[in-house]
Amino acid sequence: MLAIRRPGPRFATRLAFVVAGSVSACWSPLIPFAKARLGVNDAQLGLLLLSFGVGSLIGVGVAGLFAARIGPRPLVLAGGLGLCGLLPALSVAASPVTLGAALFAFGAAMGALDVAMNAHGVEVEKAAGVPLMSGFHALFSLGGFAGAAWITLSLRSNVSALAATIVASLAGACLIAAAALGMLAARPAGQRPALFVWPSGLVAVIAILAAAMFLAEGAVYDWSALLMVDRGVASRADAGVGFILFAIAMTAGRLSGDRVVRRLAARRVLQWGGALAILGLVWVLTCPFAPLAAAGFLLVGLGAANVVPVLFSAAGRQTSMPPTLAVAAVTSTAYAGVLAGPPVLGFVAHAVGLPAAFWLLAGLLLLVPLLARTTTW
């Protein structure tokens, strides 16, 4: 008989990150189609996207509690399969209520998978004795590119959104099942972490910067396709190209991130990274040529790629709070940015237009280079 070889824990973690990135990114190119299908405006779409954010936050909290009791492996399987099972529903939801419900469940599954795969990644990294987390997150970005590219190419080839999402879901379910086979089964030991700790002092500054960058990344995820359509530089079928370029740049930046930080120092990574992300947004908002406008998202991705990892490192190095509590506070605040970002951007876009909302976002990102010297080494 042919024996099935289980993947090792390191490879299993990589599979989980790929699935999380790819399946979640399949939603981004579908957003313009969902908006047109339901006939909602930007503010109403923002409320629908809030369902995803609320679901994610609840999924993060619940998964954190269960991971402390049963370990991350069951949660990786449950969250991953839930994510894959819910994706096709996003492509056919026929009313705001059904789409909102599907997005809430989709977000909860993503939040649970996010916590569980990162918790497992930490365990694998400790066992290996070498840094691995940047590589894991690079695979998340690579998966995001693959998922967005698959949906965009399928739509351009006149494949229905439902068929494209079913294929992506089946592939993701197979990979997440393989990942679960190879993951560590040991239950975590030690004191259970607090669900939330209020940041103070320097940690509060780090948390604000992390939330701003997470908000920017979420804006690209949720609104980049619509921005391209609203500016008239892409059709609905081609609007996902911007996110694909963003995902490519994020992947490249994270793969080389450790070397870049060692060479430039963390402070310069924040300064140059924040400036590059702002320049990319300005390019997207001002370039009148369709083939070149989306290239601005390459700059956004390159600039943003290593800002958040550096901020988490800064939280671990500071001395105004215990490092573990500081990292927990920064994580919670960053998720709050993800939660609030899409609906806030939607309301602003409804009032002053989506391009103007992105101009305000570029202004917010100025905090990153301006405060880089105070937060990093």
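This talk describes a predicted model of one protein chain, moving from the overall fold to selected residues.

Good morning. I shall begin with the chain as a whole. The protein chain contains 17 helices and zero strands. Of its 377 residues, 50% are buried. If we consider contacts with a separation of 6 or more, 84% of them in the protein chain are between residues 24 or more positions apart.

Let us turn to how two of the helices are arranged. Two packed helices are described by the angle between their axes and the distance between the axes. Helix α11, residues 266–286, packs with helix α13, residues 296–304, at an angle of about 165 degrees. Their axes are 7 Å apart.

I now come to the aromatic rings. In one of them, F52 and F106 form a tilted pair, at 6.0 Å centre to centre and with 45 degrees between the planes. This pair links distant parts of the chain, since F52 belongs to helix α3, residues 42–70, and F106 to helix α5, residues 96–128. The two residues are 54 residues apart. Are these residues buried or exposed? F52 counts as buried because its relative accessibility is 13%, where buried means under 20%. F106 is buried as well, with a relative accessible area of 0%.

The other example is formed by F243 and F246. Their ring centres are 6.2 Å apart and their planes stand at 35 degrees, so this pair is tilted. Both residues lie in helix α9, residues 241–255. Because F243 and F246 are three residues apart in that helix, about one helical turn separates them. F243 has a relative accessible area of 6% and is therefore buried. F246 counts as buried too, at 6% relative accessibility.

Next, I would draw your attention to T165. This residue lies in helix α7, residues 161–182. T165 counts as buried because its relative accessibility is 0%. What does T165 touch, if we leave out residues up to four places away in sequence? The residues are L30, L87, P88, S91 and I151.

N158 is located in the loop between α6, residues 133–156, and α7. N158 counts as exposed because its relative accessible area is 72%, and exposed means over 50%. Why is its backbone worth noting? Most residues other than glycine have a negative phi. N158 is not a glycine, yet its phi is positive, at about 65 degrees.

Finally, let us consider A89, which is placed in helix α4, residues 72–92. At 32% relative accessibility, A89 counts as partly exposed. A89 and L103 are 14 residues apart in sequence. In space, their C-alpha atoms are 9.0 Å apart.

Thank you for your attention.

Notes. Residues numbered from 1 in each chain as written. Predicted model: local features only at pLDDT ≥ 70, side-chain atom pairs only at ≥ 80, totals over all residues. Heavy atoms only, no water. Helix = DSSP H or I, 4+ residues; strand = E, 2+ residues; numbered from the N terminus. Buried < 20%, exposed > 50% of the residue type's maximum accessible area, 1.4 Å probe, protein only. Contact = heavy atoms within 4.5 Å. Phe/Tyr/Trp six-rings, centres within 6.5 Å; stacked < 30°, edge-to-face > 60°. Axes fitted to C-alpha atoms, helices over the stretch in contact; angles between N-to-C directions.
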